[in-house]
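Let's walk through this one together, one feature at a time. Keep the picture open while you read.

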Amino acid sequence: TFNETSIYPGMKAVQTFTIEKGSQDGIGIYEIDLEAVVPEVFGSDIEISLYKTTDPTTNNITREEGSITQTSEGFYKEDKITINGSLEMVYGPEDLTNNNQIILEQYKFNTETLEKTTYYLVYNYKNNGNQNAQQGQTFSGKVTVRLISDMVYTENILNGADPVIK
């Protein structure tokens, strides 16, 4: 769950999580969802993007925290996000709005070939000038991963055919 306090326009944050094979064998589809609690006062000032990689040592995202600056319009903090290597973007960039289920990705898998995958959910709180109405407000994002179907095993699914849902 992302639940930052004392945020300023220009803030960027990264939520990192991994998906890997469990103890059971099989195939299916997993879905990555985001539950977002975002007050309307933020409008389109928060943006999210989701990236993934199976090699987080070479391909990753780092964040450098900026310093707080004051202007006539208020305070801001320009954090910096650096994308290292080659990541696959699977969602976004999209505005973050209040929503109990944002589907970020659905992925067909086979546990025989499923590689440990690291995901990076990047939050960008845009600095759009006077954002005084947002002062004291907070937003949060909770990531969940769920199995959305069990499938009858067939050779065809591995070749991209539609799954047979039970």
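**Strands, rings and a cis bond**

Gly-28 sits opposite Phe-109 in E9. This is a predicted model, where local features need pLDDT of at least 70 and side-chain atom pairs count only at pLDDT 80 or more, while totals for chains, interfaces and linings use all residues. Residues are numbered from 1 along each chain as its sequence is written, and side-chain values use heavy atoms, with hydrogens and water left out.

Q: How do E2 and E9 run, and how many bridges join them?

A: First, the labels: strands (E, at least two residues) and helices (H or I, at least four) are DSSP runs, numbered from the N terminus. Two strands pair if DSSP finds at least two bridges between them. Here, E2 and E9 run antiparallel, with 9 bridges joining them.

Q: How many residues of E2 are buried?

A: Buried means under 20% relative accessible area, exposed means over 50%, and partly exposed is in between (1.4 Å probe, protein chains only). In E2, 9 of the 11 residues are buried, so the strand is largely enclosed by the rest of the structure.

Q: How many aromatic pairs are there?

A: Rings of Phe, Tyr and Trp (its six-membered ring) pair if their centres lie within 6.5 Å; planes under 30 degrees apart count as stacked, over 60 as edge-to-face, and the rest as tilted. That rule gives 10 aromatic pairs. Take Tyr-30 and Phe-109: their ring centres are 5.9 Å apart and the planes are at 35 degrees, so this pair is tilted. Tyr-30 belongs to strand E2 (residues 27–37) and Phe-109 to strand E9 (residues 99–110), so to speak 79 residues apart, and the pair links distant parts of the chain. Tyr-30 counts as buried at 5% relative accessibility, and Phe-109 does too at 17%.

Q: What kind of pair do Phe-42 and Phe-139 make?

A: Their ring centres are 5.5 Å apart with planes at 80 degrees, so the pair is edge-to-face. Phe-42 and Phe-139 are 97 residues apart. Both Phe-42 and Phe-139 are buried. Ring pairs also link Phe-2, Phe-42, Tyr-123, Tyr-125 and Phe-139 into a cluster.

Q: Where is Lys-108?

A: Lys-108 lies in strand E9. Its relative accessible area is 37%, so Lys-108 is partly exposed.

Q: Which residues does the cis peptide bond join?

A: Gly-92 and Pro-93, with omega about -5 degrees. Pro-93 is found in strand E8 (residues 88–95).
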